[in-house]
Amino acid sequence: MSQIDVLLPKMGESVAEATVIKWLVKEGDTVEADQALIEIATDKVDSEVPAPESGVVEKLLCNEGDVVQVGQPIAVIRSGSAAAAAPVAPAAQTVQAAAAPAPVAAASVQAPAAVDAADKSDKFLSPLVRSIAKAENISAAEIDQLQGTGANGRITKDDILAYVNNGRGKAAQAVAPSAVTAPAAPTQSAPAPLAAAPASNTNQAAVSVSGSDELVEMDRMRKLIADHMIMSKKVSPHVSSFVEVDVTNLVLWRDKVKDQYLKTYGEKLTYTPIFIEAVARAIREMPAINCQVVDDNKILYKKNINIGMAAALPSGNLIVPVIKNADQLNLAGLTRSVNDLANRARKNQLKPDEIQGGTYTISNVGTFGNVFGTPIINQPQVAILAVGAIKKKPAVIETPTGDVIGIRHFMFLSHSYDHRVVDGALGGMFIRRVADFLESFDINRDI
């Protein structure tokens with residue numbers, strides 16, 4: 001028998017601590033290697049910490065809501081053969097029995113389709129859940145239909161095992177008492193996961209105020225966003241500049257090449273990577289915008305150009321994944337990074353380090369049909385750009401033979417900046433330079 005300290009793992013550069021959201025096990029529980037033990041949060045990213053080895057949870061060293069430092073012990077697991085002889089052995093045997101696949105599963109373990117199915121699902125799966133899904137030959141379509149009882153609807157080990165034990169046909173009742181058809185199902189359908197069923201949003205139950213109005217507590221992410229926005233407005237005197245941009249060449253070029261681009265790179269070409277490319281070029285020319293204020297009276301100029309892109313989540317909250325060294329990527333690299341980060345942001349699969357270290361942020365308010373906006377600076381940065389919807393407008397076009405009226409594609413750029421360190425001259429010239437790059441886009445550019 002040996003005791004293993006479960007340490008809070010390093011979760012990315014500059015991430016030193018995390019908040020305990022929820023324990024997924026209790027003292028005395030038997031766990032398997034890679035089984036999720038705890039849900040933690042760093043800034044806006046939720047993660048799980050898996051068990052390093054199989055054994056029995058001997059002690060939980062922190063409580064829900066505690067802030068834990070990276071490298072700090074959070075639990076103790078008793079592993080080895082002696083763990084099976086401990087007083088909690090009956091529970092351990094029950095869990096292991098439930099985890100054992102049905103006789104038909106033994107034949108399906110080797111099925112090649114099972115190896116890829118879990119990877120093709122759009123849902124986040126822990127290593128343990130993924131291994132069970134592969135062993136049971138559960139398809140991606142089946143996984144996508146499962147209603148998880150973990151945080152944010154995440155599929156837990158109990159959910160996947162109950163699905164198997166119920167004949168793989170009652171995904172919506174993954175932890176329901178109907179699982180009595182399998183001996184171990186009642187043990188897997190413990191009350192704790194059921195209590196967490198509404199965790200797809202961690203709000204408390206709505207309270208009726210007048211019969212029609214409802215009072216709902218903010219979820220954890222919304223509270224973080226609210227605090228961050230209030231702090232930014234208190235810290236930085238916001239000033240905004242606006243420019244209207246003729247992006248006709250850009251629109252025509254994208255319409256011309258987007259199908260070929262998809263065939264060549266396997267990525268959909270949106271406007272976002274093109275906007276990021278223009279912003280990175282402008283920052284290289286005006287590096288004074290790429291800074292932050294330190295100790296209230298010092299300016300730290302950043303050498304790396306790390307551009308964040310505000311992304312809306314299905315929950316309605318926002319998150320800002322960061323493209324590191326954006327100025328060193330070509331358009332294909334930017335497109336791949338934008339699509340990858342946006343996709344994983346929607347699935348809550350971002351790593352803590354992927355939302356850290358931004359030096360400038362872009363917010364695409366045009367996604368919602370807005371023509372422009374006045375974004376709030378993402379501290380500790382000193383500026384943020386909002387790009388509006390692209391609209392067709394009549395415009396005066398100068399030609400060698402005189403002016404004519406034509407239909408052009410226009411959009412607004414909105415630039416909010418910290419007037420402590422960015423004056424109107426720099427803030428205005430910067431957004432104008434971004435506009436120049438977009439207006440002069442080469443319609444014959446190669447992909």
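This is a predicted model: local features need pLDDT of at least 70, side-chain atom pairs count only at pLDDT 80 or more; totals for chains, interfaces and linings use all residues.
Modeller: Buried residues make up 45% of the 447 residues, and the secondary structure comprises 14 helices and 20 strands.

Colleague: Which residues make the contact between H12 and H14?

Modeller: On the H12 side the contact involves Ile-274, Phe-275, Ala-278, Val-279, Arg-281, Ala-282, Ile-283 and Glu-285, while H14 contributes Phe-430, Arg-433, Val-434, Phe-437 and Leu-438.

Colleague: Why are helices H11 and H13 called roughly perpendicular to each other?

Modeller: H11 (residues 248-265) and H13 (residues 331-346) pack at an angle of about 75°, their axes being 13 Å apart. Since angles of 65 to 115 degrees count as roughly perpendicular, that description applies to H11 and H13. Trp-253, Tyr-261 and Tyr-265 in H11 meet Leu-331, Ala-332, Thr-335 and Arg-336 in H13.

Colleague: How do you know that strands E12 and E13 pair?

Modeller: Pairing requires at least two bridges between the strands, and E12 (residues 291-294) and E13 (residues 298-301) have four, in the antiparallel sense. Within this pair Cys-291 stands opposite Tyr-301 in E13, and in the hairpin, which has three residues between the strands, Asp-295 takes a positive phi near 55°.

Colleague: What makes E1 and E3 the edge strands of their sheet?

Modeller: The sheet is open, with four strands in the order E1-E8-E6-E3 and antiparallel pairing; strand E1 (2-7) and strand E3 (30-31) each pair on one side only, and this makes them the edges. E1 pairs with strand E8 (residues 73-79) in the antiparallel sense over six bridges, against a requirement of at least two, and Gln-3 stands opposite Arg-78 in E8.

Colleague: What share of contacts between residues at least 6 apart in sequence joins residues at least 24 apart?

Modeller: For the protein that share is 62%, where a contact means heavy atoms within 4.5 Å.

Conventions:
Residues are numbered from 1 along each chain as its sequence is written. Side-chain values use heavy atoms; hydrogens and water are left out. Helices (H or I, at least four residues) and strands (E, at least two) are DSSP runs, numbered from the N terminus. Buried means under 20% relative accessible area, exposed over 50%, partly exposed in between (1.4 Å probe, protein chains only). Axes are lines fitted to C-alpha atoms, for helices over the stretch in contact, and angles run from 0 to 180 degrees between N-to-C directions. Angles under 35 degrees count as roughly parallel, over 145 as roughly antiparallel, 65 to 115 as roughly perpendicular and the rest as oblique.
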